[in-house]
Amino acid sequence: MTTSYADLPALMSRMTGAEKHGPAALSTLDALWVLYDRVLRGTPQDPDRDRFLLSKGHGPMAYYAVLAAKGLLPEEWLDGFGGYDSPLGHHPDRTLIPAAEIGSGSLGHGLPLAVGTALGLRATGTAAAVWTLIGDAEFDEGSNHEALAYAGALGLDSLHAIVIDNTSATHAWTGGIAARFAAHNWSTATVDGHDHRALYEAYTAVHPGRPHAVVARVEPKN
């Protein structure tokens, strides 16, 4: 099993073919690695595991590479990425990938699903954390605004959102993305999306009684 960040480029290079959305994948690589390497607890079979919901599912190469590096999917699957018989599609499919909590790629679904997941776990008394990774352009969808407002009003402190900010959103807000969350009772942090130490510190910041949003800024990509 590969466990080194240095091995990720080689894993990603095994995924060839059209519609790779390479820049979208690269924008998430560091955020995903730090999360899976140092933060998430439990295995896919563990009912008390932390949940991670990839909302930014239209560029899943980094996600697949990190899962392979952590032994959560076979490395040989990477070679068939996007193929007709491959479980690794251009959008992740939860019925084909054991470690995937949701099928994703349609913008705006991840945060609402994460809110529902956190509510369900809270109702059962499970202490698991819920994480979702979304792209800044997903805020063009109203469902995300409704979800973040609802989570903040409930003080849903098991919920964590990672927002990849590569300035691709259509709409800007005064004060930036973090200000939108803060206005609805979220704890927030804005960091360099390639800085592993800063990402880890932001991920593990204490935020009692409030959900937590980490805005990871990366260089603009097409």
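**Exercise 1. Which residues form one aromatic cluster with Tyr36?**

Solution. This is a predicted model, in which local features need pLDDT of at least 70, side-chain atom pairs count only at pLDDT 80 or more, and totals for chains, interfaces and linings use all residues. Residues are numbered from 1 along each chain as its sequence is written, and side-chain values use heavy atoms, with hydrogens and water left out.

Step 1. Apply the pairing rule: rings of Phe, Tyr and Trp (its six-membered ring) pair if their centres lie within 6.5 Å; planes under 30 degrees apart count as stacked, over 60 as edge-to-face and the rest as tilted. The structure holds eight such aromatic pairs.

Step 2. Take tyrosine 36 and phenylalanine 52. Their ring centres are 5.7 Å apart and their planes stand at 80°, so this pair is edge-to-face. Tyrosine 36 belongs to helix α3 (residues 29–38) and phenylalanine 52 to strand β1, so the pair ties together parts 16 residues apart in sequence. Helices (H or I, at least four residues) and strands (E, at least two) are DSSP runs, numbered from the N terminus.

Step 3. Take tyrosine 63 and tyrosine 64. Here the centres are 6.2 Å apart and the planes at 35°, so the pair is tilted.

Step 4. Read off the cluster: Tyr36, Phe52, Tyr63, Tyr64 and Phe81.

**Exercise 2. Is tyrosine 36 buried or exposed?**

Solution. Step 1. Set the cut-offs: buried means under 20% relative accessible area, exposed over 50%, partly exposed in between (1.4 Å probe, protein chains only).

Step 1. Compare. Tyrosine 36 has a relative accessible area of 13%, so it is buried. Phenylalanine 52, at 3%, is buried. Tyrosine 64, at 0%, is buried too.

**Exercise 3. Why is strand β2 largely enclosed by the rest of the structure?**

Solution. Step 1. Count. Six of the six residues of β2 (residues 130–135) are buried, so the strand is largely enclosed.

Step 1. Check both sides. In a regular strand the side chains alternate between the two faces of the sheet. Val130, Thr132 and Ile134 point one way from β2; Trp131, Leu133 and Gly135 point the other way; all are buried.

Step 2. Find the neighbours. Two strands pair if DSSP finds at least two bridges between them. Strand β1 (residues 51–54) runs parallel to β2, joined by four bridges. Strand β3 (residues 159–165) also pairs with β2 in the parallel sense, over six bridges.
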